[in-house]
Amino acid sequence: MKLKRRYSLLVGFFLTSSLLLSACGSSGPSSSETNKSGTNNTKENSVEKQEKVVLDLWWSMSANNEEHKNHYAAIEKFNQEHPNIEVKPQSIPLEQAKDKIITSANAGNPPDVADVLNEWLVSYHRMGILPDLTEDINKWEEKEKIPQNIWDTLSVDGKIVAVPSELGIRAFLYHEDILKAAGVTEPPKTWDELLELSAKLKEQGVAPFGISGQSARAPQELIVYFWQSGTDIAHQMPDGKYRNLWAENPEELQKAVEVYKLYKTMLKDGVINKDSASWGYRELDTNFAQGRVATTVNGPWIKNYEAEQPESMKDVQIAAPPYNTVPATFMEVGSFATFEGSEHKKEAITFMTWWLSEETQKLVNPGRSPNTGVVQDGKWGEGFNKLLDQGRSFPGISMGGIIQPMIDSIQKSLLTEESPEEIALWLGEQINNSLKENGELSESPAK
Amino acid sequence: MFKSRKRQKLILKIITYIMLIFFSIYAIFPVLWMFSTSIKPDSEVRTEDPTFITMNPTVEHYQSVLIESEFGTYLKNSAYVSTMTTLISMFIALLAAYTLSRMSKTPGIRAIGIGMLIAQMTPVVMLIIPLYVFMMKANLLDTYASMIITYTTFTIPVVTWMLKSFFDSIPIDMEESAFIDGCTRFGVIFRIILPISLPALVATGLYAFVHAWSEFVLGYTFISDDSLRTLTPGLSLLMGLWTVDWGRLMAASVVIVVPVAIGFVYLQKLIIEGLTAGSTKG
Amino acid sequence: MQPRLEEESRLNLSYRPKKYIKKHGVAYLFMLPAIFFLIILFVLPFIEVFKMSFYSVNLLNPEAEAFIFLDNFISALSDPTFYQYLYQGLIWTFGSVIGEYIVGIVTAILLNQNIRGKTFFRAIIFIPWLVPIVVAAMTWRWILNPDFGIFNVMLVKVGILDESINWLGTAGTAMLAVIFVNVWRTFPFYTVTLLAGLQSIPKEILEAAEIDGAGIWQRFWYIILPSLKGVSAVIIILHVIWTFNNFDFIWLLTEGGPLHATETLAITTYLEAFEKYHFGQASALSSIMILILIGIIIAYFKVEKKQNNG
């Protein structure tokens, strides 16, 4: 407050001095009073202090968005039920939140609670800005209502570091009418079936399947293919650290190679659009919503396209993603975290668990709740959530140095002549390099 | 001879118009697209067969942006921050530019000028954390001042150097006679230099204004309080994690662009009038 | 051509400190506010960045922080992709600046003519500069999309193209497309600035030259261009710095792709800092970029000096 005052005085000084000094000696200066630069600092009367804790909450919900009305109503409810806590929400879009949290938390000035994505958690944990919540969560009576694999994705080194708030599971989406017109009645269950069906779909003048080759979505798709093929980008070793095994284990390598073979085959046979390498999620989602792509793997947000494309979105149906050997899908867990440096961690935990309770979730997340006590409704909620068992997310390693190589590997397989084996080995090397730089690499390759 | 000259002038004029129309299309094409998107109903925003024309124009996006959201607040904040940035940076840069142009023989002045150029070479991404820490220690997070100070600093080198180059082209004689008349340095700057370099001042002032108007990264780094947010960081609120509300986004963009464009036209008119008035007097 | 006042003061500066202050004090006083702001917000972080480039700073591995002298620089310079991204960064920078300057000066001259509807055209040509970069990038990405973008659809309809081109997604056209969009967004600033320069050229000189029989080109080369020299130098230098360091434009349009075809050192720095959190490495890259920029600017001044002397 003081500084603000001083600052405006400084400005005032510059402006007024400029006016006064600008006069010439010979001509009489106009001595008009220009001292006050209209800053009316109304004194904020120090209201009698109650022992009330104010929780700063950064989240992506916007007060004016119709869909988020319930979220804001829930905050009000919380504040009424907890007279000693006041949650103060500020809407910060997620893409800004990521860097903003890092900046503020590393400077020791984090918010008390923030919306986070699960792929940020490992990095945040390594920076030492996330407190261990395991004990508090274990004490919480509704813990069991949250599936264990959700807690797993929110744990780093065995410690729970965030509390889930929303669930986004990816599923296989298809335009039923396009499939019917091609004489296909059942959605494909495996990669082979997908390729087979594509030959028929191509005759309908659409791209049979849609993928993303760029931006955040691409690595999420890639890792699911690895899982479906039975491998992973990094395995946890007996020493608790991680390692990519493709260079030393031919069996694992073969599984990864099959993924890049799939990409190459899909491009060569016209299963995917020829420009897929440059498709970000916007291009993919729009093309699917407009019916130019017959099938894709996507999340529940696709429902928002119903307003934009009411005609072509009518026939969209949901099934499990086709797989190679292991059924798997990507599970995006939106969650709340509190931070080291926050003075109100206890109150923050109270708020986060209250939010996840069955009672609140019924209010805010009827369709996509991580709490199994909430009954799912309609085609969107149900269709996605029955895939919960297959849901996985990135392994417990810092993804920052790995995301870009993963995208590169997709583009290599779509744009260059490099063989699937070369690409897989290259990516494996990049992953181990990144693990090494961050001190996460296990030096004991298990045979 | 006379006739052919006239004809040549006419041809030149026609060419001028053709080229102006060409560049106008280049400049306005995406903005027209933004505008046409902003008045389309949701179901026509992203179609397979895109067109500029809609049969069912609607103002619902504008309504939702201007009335049902905080955009009015953002607009006000941006206007305030940008105006203050422009005023302060112009004032500071004016003095610095004058010194660089007229007193460069003073030891160290040239070095400071070049230092200005070099100082702003640090990529912005590397400035985010240090500036945040500075603002935190100065207790300026979540204030207009944090943005005004930063944007001012960002624009000072540019504005200074541009003004210097304009001042360099002003003949020195007029100032010297003013000194003899007993003007102070300030007097010379404000009475002699400023009126002549009005177009330059507007051009550089616009630079400062537009910089503050569209800055994004530091704006969202310093500001968490929604009531202090400026326009460009506010725009992102119209984008979800995976979906974009194009109709509203485009309506909001039009709202961002149009007021400044109108202000610019108005200023231009003012200046041209001022210039012609000045020349008839002189 | 220096003013007499300063000449005088130079002679007796070292003898009398009081007189020195009297003569030069005002110069320092005028510079003071600018210096104050620059030191706090630029110079201090600048030193910090420079210092950090000799340390291993990885936010993800705080214990590993150590003084490693030149290791960050060595690892940056021994990476072959560094030279590719540097080259691409230079193409991006000079392609953009040259394009912006050409479009800027042409439009400035056009708008300086005495024609009807001048205000209208000025407003229109000025508009792209006001479009925030985020919006500009997203809109262009949409317009240039090969499947549902209006640009391709129109070109195909008119018959200029046989089939859509994936402008931003093809290695051969991506850089061109990115530069094209950047020129679109930035040229109005050149227009406005150069127009201000043109307006300060006295009309009488141009008219006199015209009466003397100087053609358009002659007037352009011998009167207009020389009088814009000072302004041009400044905006070009400033934009070289700005473009070379800019990352958000390319990032929002192509994310440096396809397969790094549009990646520049500025993007690499961003990725090192805010994706990998290797601030030491990012600082070293920034330091190298600053050195390169200083080199470019020294070269520019040398060439200019030679021209002036020759």
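Which domains does the domain assignment of chain B give? In this predicted model, in which local features need pLDDT of at least 70 and side-chain atom pairs count only at pLDDT 80 or more, while totals for chains, interfaces and linings use all residues, the assignment for chain B gives domain 1 (2-58) and domain 2 (76-281), the bounds coming from an automatic or database domain assignment. Residues are numbered from 1 along each chain as its sequence is written, and chains are lettered from A and ligands numbered from 1 in the order in which they are written.

The C-alpha centres of the two domains of chain B, domain 1 and domain 2, lie 31 Å apart. Nine residues of domain 1 of chain B are in contact with seven residues of domain 2 of chain B, two residues being in contact if their C-beta atoms, placed from the backbone, lie within 7 Å. On the side of domain 1 of chain B that touches domain 2 of chain B, helix 1 (2-38) and helix 2 (42-45) of chain B each supply at least two residues; helices (H or I, at least four residues) and strands (E, at least two) are DSSP runs, numbered from the N terminus. Helix 1 of chain B provides the largest share of that side, five residues. By class, this side of domain 1 of chain B divides into four nonpolar, two polar and three charged residues, where Ala, Val, Leu, Ile, Met, Phe, Trp, Tyr, Cys and Pro count as nonpolar, Asp, Glu, Lys and Arg as charged, and the others, Gly among them, as polar.

Chain A contains 17 helices and 14 strands, and 49% of its 447 residues count as buried; a residue is buried if 20 or more other C-beta atoms, placed from the backbone, lie within 10 Å of its own, exposed if 12 or fewer, and partly exposed in between. Among the contacts in chain A with a separation of 6 or more, 76% are accounted for by residues 24 or more positions apart. The domain assignment of chain A gives domain 1 (53-169 + 332-392) and domain 2 (171-331 + 398-437), and the centres of these two domains of chain A, taken over C-alpha atoms, are separated by 28 Å. Their contact takes 19 residues from domain 1 of chain A and 15 residues from domain 2 of chain A. The side of domain 1 of chain A that touches domain 2 of chain A divides into six nonpolar, seven polar and six charged residues.

Helix 3 (residues 94-106) of chain A has 13 residues and reaches 18 Å from its first C-alpha to its last, close to the 18 Å expected at 1.5 Å a residue, the expected span being 1.5 Å times one less than the number of residues. A kink of about 25° in helix 3 of chain A is centred on A:Lys100, the bend at a residue being the angle between axes fitted to the seven residues ending there and the seven starting there. Helix 3 of chain A is mostly covered, with 10 of its 13 residues buried, including A:Leu94, A:Lys100 and A:Asn106. The cover of these buried residues includes strand 1 (53-59) and strand 3 (113-117) of chain A, together with helix 6 (124-137), helix 11 (217-222) and helix 12 (231-235) of chain B. Just after helix 3 of chain A, A:Gly108 takes a positive phi of about 80°.

Strand 3 of chain A is largely enclosed by the rest of the structure, because four of its five residues are buried. Two bridges join strand 1 of chain A to strand 3 of chain A, and these strands run parallel, two strands being paired if DSSP finds at least two bridges between them. A:Leu57 stands opposite A:Val113 in strand 3 of chain A. Strand 3 of chain A also pairs with strand 13 (residues 329-337) of chain A, in the antiparallel sense and over four bridges, and the bridge partner of A:Leu117 in strand 13 of chain A is A:Gly334.

Between chains A and C, 28 residues of chain A are in contact with 22 residues of chain C. Helix 16 of chain A gives the most to the side of chain A that touches chain C, with eight residues, and this side divides into four nonpolar, 16 polar and eight charged residues.

The contact between chains C and B takes 78 residues from chain C and 77 residues from chain B. Helix 2 (residues 17-52) of chain C gives the most to the side of chain C that touches chain B, with 19 residues.
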